[in-house]
Amino acid sequence: MNAGRNHGKNKPAAVSQTEKEEKKSETHRAGQTPIGLAVPDTKQPLLLHACCAPCATHVIELLSRSYSVTALFYNPNIQPEEEYRQRLQAMHRLCRLTGTPLLVESSPVAVWDQWVRGLEDEPEQGRRCLQCFTGRLTYSVQTADRLGFP
């Protein structure tokens with residue numbers, strides 16, 4: 001007879017620590033509770049900056065389990081205009097499919113030019129990228145504050 005298993009007897013089975021960990025792991029694999037995120041009784045609103053649908057897909061899925069997510073599309077760095085329109089259109093599709101509200105904020109490319117002035121010759125993933133991330137995330141924080149997100 002296997003220790004810790006009830007096998008139909010009336011007395012409760014002892015559950016080993018290993019079995020508890022396996023059960024916990026199965027729960028996470030099943031997607032019932034995201035690892036590392038508490039599930040509050042009511043979902044707190046969260047404004048999420050999204051540069052594009054492929055990057056936002058998994059993040060929206062994960063965060064929506066614990067938060068009431070609104071996606072923010074604010075990307076004055078995306079050029080040319082056709083690329084910007086394609087990314088925005090994909091974000092609209094993603095948000096329709098997931099039921100996620102989408103807030104679209106725009107600025108002229110000149111805003112991005114100002115952020116990266118003097119860094120034009122920087123390589124990809126260099127200081128210019130850091131400036132661009134900083135500019136978009138700073139705007140996102142200001143927008144969240146302006147709209148009353150916690």
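Two strands are taken to pair if DSSP finds at least two bridges between them. From β1 the chain passes through α2 and on into β2, a β-α-β crossover that is right-handed. Please keep in mind throughout that this is a predicted model.

## The chain as a whole

Let us step back for a moment. The chain has 5 helices and 3 strands, and its elements follow the order α-β-α-β-α-β-α-α from the N terminus on. Of the 150 residues in the chain, 28% are buried. Among contacts with a separation of 6 or more, 57% are between residues 24 or more positions apart. The accessible surface of the chain comes to about 10,400 Å², and carbon and sulfur atoms account for 53% of that area.

## The sheet

The 3 strands make an open sheet with the order β1-β2-β3 and parallel pairing. β1 (44-49) and β3 (102-104) are at the edges with a single partner strand each, so one side of each has no neighbour in the sheet. On average, neighbouring strands of this sheet are turned by 25° against each other, direction ignored.

The two pairings can be set side by side:

| Strand pair | Sense | Bridges |
|---|---|---|
| β1 and β2 | parallel | 6 bridges |
| β2 and β3 | parallel | 3 bridges |

Pro45 stands opposite Ser68 in β2, while Leu72 has Leu103 in β3 opposite to it. The path from β2 to β3 goes through α3, and this β-α-β crossover is right-handed.

How many residues of β2 are buried? The count is 5 of its 7 residues, so to speak a mostly covered strand. Helix α5 (residues 127-147) lies across β1, β2 and β3, and runs at about 150° to β1.

In soluble globular proteins, nonpolar side chains tend to be buried together. Here, the largest nonpolar core has 16 residues, and those with the most contacts inside it are Ala56, Ile60, Phe73, Met91 and Leu94. Two or more residues of this core come from each of α2 (53-63), β2 and α3. Which element gives the most to this core? That is α3, with 6 residues.

Not counting residues up to four places away in sequence, Ile60 touches Leu48, Val69, Ala71, Leu94, Thr98 and Thr100.

## Arg87 in helix α3

Next, a residue of α3 to have a look at. Arg87 lies in helix α3, which spans residues 81-98. Is Arg87 buried or partly exposed? Arg87 counts as partly exposed because its relative accessibility is 28%, and this class lies between the 20% and 50% cut-offs.

Leaving aside neighbours within four places in sequence, Arg87 is in contact with Cys51, Cys52, Phe73 and Ile78. One of these, Phe73, is also among the residues with the most contacts inside the largest nonpolar core. Pro54 is 33 residues from Arg87 along the chain, and the C-alpha atoms of the two are separated by 9.2 Å.

## Two backbone details in loops

Two spots in the backbone are worth checking in the viewer. The peptide bond from Gln79 to Pro80 is cis, and its omega is near -5°. Pro80 lies in the loop between β2 and α3.

The other spot is Gln125, in the loop between α4 (109-115) and α5. Phi of Gln125 is near 70°, a positive value in a residue other than glycine. Why does Gln125 count as exposed? The relative accessible area of Gln125 is 76%, and exposed means over 50%.

Definitions and conventions
Residues numbered from 1 in each chain as written. Predicted model: local features only at pLDDT ≥ 70, side-chain atom pairs only at ≥ 80, totals over all residues. Heavy atoms only, no water. Helix = DSSP H or I, 4+ residues; strand = E, 2+ residues; numbered from the N terminus. Buried < 20%, exposed > 50% of the residue type's maximum accessible area, 1.4 Å probe, protein only. Contact = heavy atoms within 4.5 Å. Axes fitted to C-alpha atoms, helices over the stretch in contact; angles between N-to-C directions. Areas by Shrake-Rupley, 256 points an atom, 1.4 Å probe, with all protein chains shown as cover. Core = buried A, V, L, I, M, F, W, Y, C linked by side-chain atoms within 4.5 Å. Right-handed = clockwise from strand over helix to strand, strands pointing away.
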